[in-house]
Amino acid sequence: MSVFTVTKNEAEAFKDFFPEDIYSNIGKENYYTLGAFDDEEFVAGVLQFFVGFDENKGTYSRVFYLYVPEEFVDSDIAFLLLEEYKNVVLESGISEDLVELPGDDCVYVYGARAKELCALDLFKSVSTKDIYSISFIDNLEFIKIKKQVAKGTVLEQKRFFEDEISSFYKAKDGCALLLAKKNAFEDLIITYLGCDKPETSDRLVSLLAYSVKRARDQYGDDELIKIECKEYLQLEKIFNVIPQIKPR
């Protein structure tokens with residue numbers, strides 16, 4: 001297994017492993033991309049990170065994209081990519097407390113600014129009627145919706161999520177839930193998206209449209225919003241809702 005830097009000259013060989021907007025970052029200033037090959041020289045995973053400067057904090061780094069194909073889920077690819085990323089940025093002199101490290105159990109990470117997500121055609125015409133922030137419900141009602149939607153998936157308590165950004169739908173035809181939280185860098189992370197039955201699956205786009213707009217209104221155009229997945233079933237659900245962020 002080998003991990004190496006992907007340059008613009010080599011980008012074409014990795015094109016199928018990136019959504020269009022992330023692929024276009026390869027070769028741009030301050031964006032760096034890593035690729036992993038297995039022993040038979042198949043692409044086993046990719047990671048893209050950003051290095052920036054904040055006048056209050058100094059130089060920092062964030063992971064913008066991570067993707068490990070399902071056939072390599074048991075190969076520790078995410079761990080290897082994240083370890084290489086960590087080594088690269090720390091050796092460049094960036095302080096460890098300014099380096100973001102998603103969990104190595106993630107198989108997918110996608111990041112974009114709030115204004116970029118709001119600009120997706122998908123969200124421009126979708127209705128957010130009957131979608132509300134979880135701040136509108138108490139903890140007991142949240143638990144009821146969570147149990148109905150998650151169906152055995154372990155989700156954290158309401159207090160761990162962003163009350164105004166996380167959202168829900170509940171009506172006679174069913175319910176749906178989107179959960180988001182802030183990380184140590186104050187980035188907004190969407191960690192769960194689901195519904196209780198197929199009839200309410202169209203509400204998932206509405207949840208995303210509502211939460212992305214709320215995030216933009218509350219935190220501004222440049223708020224970094226991320227989607228993180230640890231399970232491929234959840235990942236496929238998100239790809240079905242936002243096909244623009246799916247690897248080609």
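Author: Start with one residue and list its contacts. Glutamine 234, its neighbours within four places in sequence left aside, is in contact with Thr191, Tyr192, Leu193 and Cys229. Keep in mind that this model is predicted.

Reader: Which helix holds glutamine 234?

Author: Helix H7, residues 232–241.

Reader: Is glutamine 234 buried or exposed?

Author: Compare its relative accessible area with the cut-off: buried means under 20%. Glutamine 234 has 10%, so it counts as buried. Its side chain reaches the backbone oxygen of leucine 193 at 3.1 Å.

Reader: Let me try arginine 62. Where does it lie?

Author: In strand E4, residues 58–67. Its relative accessibility is 11%, so arginine 62 is buried as well.

Reader: What does the side chain of arginine 62 make a polar contact with?

Author: The side chain of aspartate 187, at 2.9 Å.

Reader: How do I read a nonpolar core?

Author: In soluble globular proteins, nonpolar side chains tend to be buried together. Here the largest nonpolar core has 75 residues. Phe18, Leu47, Tyr85 and Tyr108 have the most contacts inside it.

Reader: Which helix gives the largest share of this core?

Author: Helix H6, residues 203–219, with eight residues.

Technical notes
Residues numbered from 1 in each chain as written. Predicted model: local features only at pLDDT ≥ 70, side-chain atom pairs only at ≥ 80, totals over all residues. Heavy atoms only, no water. Core = buried A, V, L, I, M, F, W, Y, C linked by side-chain atoms within 4.5 Å. Buried < 20%, exposed > 50% of the residue type's maximum accessible area, 1.4 Å probe, protein only. Helix = DSSP H or I, 4+ residues; strand = E, 2+ residues; numbered from the N terminus. Polar contact = N/O pair within 3.5 Å; in protein donor to acceptor, adjacent residues only side chain to side chain. Contact = heavy atoms within 4.5 Å.
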